[in-house]
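Please have the sequence and the structure open side by side as you read.

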Amino acid sequence: MSPATATRSGARSPRTTEAIKRARPSSSFATLREGEFKSSSREEREAEKGEEEVMATTHPDIPGEPTHTGTALLETANAAIQTFGPLNKIHQHLCAFHFYAHDMTRQVEAHHYCGHQNEEMRQCLIYDGPGADARLIGLEYIVSESLFLALPDEEKPLWHSHEYEVKGGYLFMPGTPGPIERQDLGKVCKTYGKTIHFWQVDRGDSLPLGLPQIMMALTRDGQLKEDLAQDVEKRFGVSFRKERENRAYMKGLEHGIHPLANAAGKGLETQLREVECKPAESVPRVFV
């Protein structure tokens, strides 16, 4: 994704805030628009129960022909010949919930497959489920508190804290015994994450349509939709309430949750803005 800039309410020009619905790819780039944040109150969730909506756990059908036998054979041969270094570093499966940074009512079950780059940074592929047919819907980068605090202030709102979702019991490692799970989650509790989703499966998209969107995580009680929470608890045999009790001893961020994290309490939405495209002939050439 091209460089993004955050625009703030009351300090932006009409050109900056205008959403270009059909922008030319050669003359557009992604920008973040700060605006009203759509929350997920109990009253709103009750009103939504009678509406038809696509749940985050629903897998939209992908258009196209089934994988041919010849393609499957080639995949098997390549798997035996090639090495997959980055994928082989994946060492854990985390399940959590994300919501769109501009709309808390749109919540997604997110399965993270993560690997450490070092002790202070890990990177995760995000799928909409744990099965072999799961859709790759996004990415998350997780950093330590010290690395987050070193980021420029304009970057910090794009990152979310993990303290509440860990201590609240909502972030878990499917199939991992509790004592082992809590050893690592005690570390995750003290981190920040930057998440981008490319595929909006919650609205039933059969392909990754539209712009990548910044995602956020739970920060307090009452945000997570009850039906989504109960569905995940039932399918994975977990209890968020019991796990919250088991994690009561965990310590959070040493300096507390930074006020600029979690979108600084505002709504952030990726949009397109039309700009002048720098022609290729303007790029300096290097002669050897």
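Let's start with helix 7, residues 178–188, whose buried residues are Glu181, Arg182, Asp184, Leu185 and Val188. Please keep in mind that this is a predicted model. The structure holds 13 salt bridges, and a few of them are picked out below.

- An α-helix has 3.6 residues a turn, so residues three or four places apart point the same way.
- Among the buried residues of helix 7 are Glu181 and Arg182, and these two also belong to a network of salt bridges with Glu243 and Arg247.

**Within the network**

- Arg247 and Glu243 join through their side chains in a salt bridge, with 3.0 Å from N to O.
- Are these two partners buried or exposed? Both Arg247 and Glu243 are buried.

**A bridge from helix 7 to a loop**

- Lys187 pairs with Glu119 in a salt bridge whose closest N and O atoms are 3.6 Å apart.
- Lys187 sits in helix 7 and Glu119 in the loop between strand 4 and strand 5, so this pair ties together parts that are 68 residues apart in sequence.
- Lys187 is partly exposed, at a relative accessible area of 46%, while Glu119 is exposed, at 60%.

- Which residue forms a salt bridge with Glu109? The partner is Arg235, and the closest N and O atoms of the pair are 2.4 Å apart.
- Glu109 is buried, with a relative accessible area of 1%, whereas Arg235 is partly exposed, with 40%.

- Ile62, Leu207 and Leu209 make a nonpolar surface patch of about 240 Å².
- You will find Leu209 in the loop between strand 8 and strand 9 (213–216).
- Why does Leu209 count as partly exposed? Its relative accessibility is 42%, and partly exposed covers the range between the buried limit of 20% and the exposed limit of 50%.

Definitions and conventions:
Residues are numbered from 1 along each chain as its sequence is written. This is a predicted model: local features need pLDDT of at least 70, side-chain atom pairs count only at pLDDT 80 or more; totals for chains, interfaces and linings use all residues. Side-chain values use heavy atoms; hydrogens and water are left out. Buried means under 20% relative accessible area, exposed over 50%, partly exposed in between (1.4 Å probe, protein chains only). Helices (H or I, at least four residues) and strands (E, at least two) are DSSP runs, numbered from the N terminus. Patches are made of residues with over 30% relative accessible area and no salt bridge: like charges are joined within 9 Å, nonpolar side chains (Val, Leu, Ile, Met, Phe, Trp, Tyr) within 5 Å. Accessible areas come from the Shrake-Rupley method with a 1.4 Å probe; for residues, only the protein chains shown count as cover. A salt bridge is a side-chain nitrogen of Lys or Arg within 4 Å of a carboxyl oxygen of Asp or Glu.
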